[in-house]
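Please examine the structure shown below before reading on. The paragraphs that follow lead from the chain as a whole to its core, its strands and its aromatic rings.

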Amino acid sequence: MKLDSRTNPRTTPIGRSTDTPGGVVGLLIAYLLVLPLFSPNAIGEQADTSLHRKPAWRHPVALAVNQQHLLIANQRSGTLTVCDLVHHRVVGEHRIGKKLADIAAVGEGRFIAVDEAASQLVLLQYQSDRVQVRDRCDVAMSPVDIHVWGSDRFAVTSLWARRVSLGRVVDHKLRIEHVIDLPFAPRLQWRDAKSDSLMVADAFADRIGVIDLNRRLLRGIRTIQGHNIRGLTSNHDGSRLLIAHPMLNPRTQTIRQRVFWGTLMSNVMREVTFQHLLTFENDDPIRQPEPVAHWSLNALGETKRATGDPGAIAVTQAGQTVIALSGVNEITVRDSPLAFFRRHNVGVQPVDVAISSDQKQAFIANMFDDSVSVYDFDRKQVTGAIRLGPTPVLSKIDRGQRLFHDAKLSLDGWFSCHSCHTDGHTAG
């Protein structure tokens with residue numbers, strides 16, 4: 001028997017029914033109870049050349065391009081997968097840490113991986129199909145994102161420590177030079193090169209901190225009408241900050257009509273000029289955050305075909321833009337800043353996007369099916385997928401995790417559980 005939201009609103013998702021609501025809730029609860037236990041405890045460099053042939057859940061979450069190779073940071077297995085982009089195949093997998101959260105290139109052939117569970121940065125050297133750990137460096141608790149500029153500078157956000165660590169690579173060693181405390185839990189960040197300022201987004205709520213990198217201090221805080229910021233980058237000419245996020249209207253009833261028209265929850269890419277972000281009017285913008293007053297919005301999705309949980313954004317030098325639509329297993333692409341977006345199916349839970357060195361392809365990390373999709377800008381289509389290795393059977397916990405992030409459980413795909421309960425917490 002299928003339930004209807006009008007007859008049993010307490011147990012039925014808005015706009016879509018299920019044969020076993022109790023089973024779905026049980027799987028979600030199981031996922032939340034074991035959320036901290038997902039990563040293995042092993043740490044260290046793993047030279048097993050057959051690692052990528054062994055069944056395991058890897059959960060790719062971050063990508064970095066190295067000319068003709070793609071390096072993939074795997075959250076659940078703590079490993080680094082290397083893919084040959086000429087033949088689109090995996091050539092190796094290396095055990096690097098406990099729970100990798102991000103990876104970024106720093107100079108030619110060097111990369112920094114972020115180990116969230118160990119609260120460490122790992123400096124890697126990639127050469128002749130070999131990955132070598134050159135250094136490890138402790139950082140503030142729960143590092144989740146790294147941003148690199150120049151040939152040796154970097155900034156790392158630490159979620160639960162509420163800090164940004166500024167550092168440098170010196171003689172193949174990682175050095176933390178300064179730590180800045182924040183009044184919110186940060187995740188994503190992006191540097192404006194013209195002003196040498198770092199924009200740091202709240203991992204859960206609506207705040208964006210502005211850090212002066214020259215003076216090494218938090219200048220002020222901006223607020224936006226939104227939350228759960230999972231996409232942050234600049235446009236092709238560096239004049240605007242692009243922000244992908246949902247917008248929840250707390251004054252709207254949670255009823256079918258409001259969900260259907262996108263008035264309860266909408267999903268957008270917001271564009272704000274760096275000039276506006278850097279201009280504060282009151283004397284204490286840290287204690288009194290100033291709202292972003294000037295912006296443009298790009299609506300992602302429409303009635304009957306929504307875009308729950310917009311995520312990572314990547315922009316080519318020509319202005320082509322790719323956005324991961326994590327909750328509905330798609331990407332959306334536009335060919336220029338004024339063009340319309342087109343949507344394409346990819347793997348399960350796309351969470352990161354990287355552009356190839358020649359700017360002709362985009363790579364999309366699909367977290368829940370251990371794959372990387374390949375999008376071709378010239379052909380304007382997804383041309384294939386790279387499987388990272390064999391996977392085991394889904395457990396109840398795995399199924400619960402997928403359901404928690406699945407926007408297709410809501411009417412037309414407007415939102416998932418994760419949309420409001422970010423990573424099992426709250427969006428404030």
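**A guided reading of the chain**

Phe111 touches Ala64, Val65, Asn66, Leu71, Ile103, Ala104, Ala105, Val106, Val122, Leu123, Leu124 and Tyr126, leaving aside residues up to four places away in sequence. Contact here means heavy atoms within 4.5 Å. The model is a predicted one, in which local features need pLDDT of at least 70 and side-chain atom pairs count only at pLDDT 80 or more, while totals for chains, interfaces and linings use all residues. Residues are numbered from 1 along each chain as its sequence is written, and side-chain values use heavy atoms, with hydrogens and water left out.

Phe111 is also one of the residues that touch the most other members of the largest nonpolar core, a group that includes Leu71, Leu80 and Ile103. This core has 19 residues. A nonpolar core is a set of buried Ala, Val, Leu, Ile, Met, Phe, Trp, Tyr and Cys residues joined through side-chain atoms within 4.5 Å. Buried means under 20% relative accessible area, exposed means over 50%, and partly exposed lies in between (1.4 Å probe, protein chains only). Among the strands that each supply at least two residues of this core are strand 1 (60-66), strand 2 (69-74), strand 3 (79-84) and strand 6 (110-115). Apart from this core lies another, of 16 residues, among them Leu188, Met199, Ile243 and Val292. In soluble globular proteins, nonpolar side chains tend to be buried together.

The wider setting is as follows. The chain has five helices and 29 strands. Helices (H or I, at least four residues) and strands (E, at least two) are DSSP runs, numbered from the N terminus. Of the 428 residues of the chain, 57% count as buried.

Strand 2 and strand 3 run antiparallel and are joined by five bridges; two strands pair if DSSP finds at least two bridges between them. The hairpin of strand 3 and strand 4 has four residues between the strands, and His88 takes a positive phi near 55°.

Most residues other than glycine have a negative phi, and most peptide bonds are trans. His59, although not a glycine, has a positive phi of about 60°. His59 lies in the loop between helix 1 (21-33) and strand 1, and is buried, with a relative accessible area of 2%. His172 has a positive phi near 60°. His172 sits in the loop between strand 11 and strand 12 (173-181) and is partly exposed, at 32% relative accessible area.

Elsewhere, an open sheet of four strands has the order 22-23-24-25, with antiparallel pairing. Strand 22 (310-315) and strand 25 (342-345) stand at the edges, each with a single partner strand, so one side of each is left without a neighbour in the sheet.

The aromatic rings complete the picture. Rings of Phe, Tyr and Trp (its six-membered ring) pair if their centres lie within 6.5 Å; planes under 30 degrees apart count as stacked, over 60 as edge-to-face and the rest as tilted. By this rule there are three aromatic pairs. Trp160 and Phe204 form a stacked pair, 5.6 Å centre to centre with 25° between the planes. This pair links distant parts of the chain, 44 residues apart. Trp160 is partly exposed, at 43% relative accessible area, whereas Phe204 is buried, at 9%. The rings of Phe260 and Trp261 have centres 5.0 Å apart and planes at 85°, so this pair is edge-to-face. Phe260 is buried, with a relative accessible area of 16%, while Trp261 is exposed, at 54%.
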